[in-house]
Amino acid sequence: MQQGLAEKYELFGCMQCGKCTAGCPVSLRGPLNIRRLIREVMIDRNLEAAARPEFWDCTTCSTCSLRCPRGLEPHELIIGIRGALIEEGRIPATARDALEGVFKHGNPWGRIRSKRSEWAADLGIKDLSKGDKADLLYFVCCAASYDPRVQEVAKALTDSLAKAGVDFGILGNEESCCGSEVRRMGEEGLFEMLVEDNLKLFHERGITKVVTTSPHCYDAFKNKYQDSEIEFQHYTQLVADLISQGQLTFSKELNKVVTYHDPCYLGKQNSIYDEPRYILKSIPGIQFVDFDRCRERSLCCEGGGGRMWVEGTDAGERLSGIRIRDAVEMGVDIVATACPFCLLTLEDAAKTAGLDGKIEIKDIMELVAQAI
Ligand code: SF4
Ligand code: SF4
């Protein structure tokens, strides 16, 4: 099995330079050494090395792959090893529960399907599962469907799209998990089933354009579904276009100092750096400042790669905590982001640091909706 993984991920090209580990944000706080993992698992043919708890600390942020001078993809290797361990039934119980939730109910929290679109009740949004037609599908995401905090982002986005005159609809209770985190946790078989089912549904409903709340859904659709008949966008791309074309205009000022946390799945993995900043700078009254560690050098929040369902080891300071500390030192009022997982992890870090009410964590869309 290890031989297969080494060939699949071209690990024999690894020269053990360590640039992957040097770039790895999780290695900052100690537990994970991706170069050593490659050596132990692949060179020494020792899958047991990967079974150590810190192996699940990887957020699959992909910084290691961006830094590798040989063009290797260490983060894909981690996903492959997770898959090999899952085949042996070796998976953290919380991750197993999340995968079961997706299989049975279409979401990793195991919430019942009939409540998926409850957040949209009374908002007058078209429901394509009920026969409504629209130019654009808004793919809501499991987090935005069920988590009350992220539901606020979905409401801000749908409200803004409606005001901009965009003809859109949702899939209501027919929407299922995109499978991004399923794949990142190593469950390739379940991911392939989701790809097949979701694409079948999109085609049955005549969908040709999709916009997502989450960079994780966007990344999976764009890079793994790869359906040439459907155009996928993250909302920051669509909203930036609507602003630049004058379809979305602002009437209020937000007199706040705002910074932006680049979600790894939007920035590092899909090179979408400019659109979120363009939106923020377009909002009247916002004074925008970038983090020192921004864009390609941005610090991961530790919410990706299944980490919403795997606690991880507790060595060192959480990266989301470092992010909040940096933001406080910069003197900002608001940390804006554009990802449900970043929003939740950063907000949690602010609360843990006792900064609740002193610094706000907002999705960009919430700021847009406030200023319209
Ligand atoms: S950066 Fe690439 S070549 Fe260097 S140790 Fe990491 S995987 Fe190997
Ligand atoms: S994907 Fe990110 S967290 Fe995982 S090993 Fe690579 S750099 Fe580290």
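The model is predicted, so local features need pLDDT of at least 70 and side-chain atom pairs count only at pLDDT 80 or more, while totals for chains, interfaces and linings use all residues. Residues are numbered from 1 along each chain as its sequence is written, and chains are lettered from A and ligands numbered from 1 in the order in which they are written.

Start with the whole protein. Its C-alpha trace spans about 60 × 50 × 35 Å along the principal axes. The radius of gyration, taken over C-alpha atoms, is 20 Å. A compact globule of 372 residues would have one near 21 Å, which agrees; that rule is 2.2 Å times the number of residues to the power 0.38. Of the 372 residues, 48% count as buried, with 20 or more other C-beta atoms within 10 Å of their own, these atoms being placed from the backbone.

Next come the elements. There are 17 helices and nine strands. These are DSSP runs numbered from the N terminus: helices are H or I with at least four residues, strands E with at least two.

Now find the open sheet. Four strands form it in the order β7-β6-β8-β9, with parallel pairing. Strands pair if DSSP finds at least two bridges between them. β7 (287–288) and β9 (360–363) each have a single partner strand, so one side of each lacks a neighbour in the sheet. Three bridges join β6 (residues 257–260) to β8 (residues 334–337). There, T259 stands opposite V335 in β8.

Helix α16 (residues 340–352) packs on this sheet, touching β8 and β9. Contact means C-beta atoms, placed from the backbone, within 7 Å. The direction of α16 makes about 175° with that of β9. Axes are lines fitted to C-alpha atoms, for helices over the stretch in contact, and angles run from 0 to 180 degrees between N-to-C directions. Helix α17 (residues 364–371) lies across β8 and β9, at about 85° to β9.

Notes
Two residues are in contact if their C-beta atoms, placed from the backbone, lie within 7 Å. A residue is buried if 20 or more other C-beta atoms lie within 10 Å of its own, exposed if 12 or fewer, and partly exposed in between; C-beta atoms are placed from the backbone.
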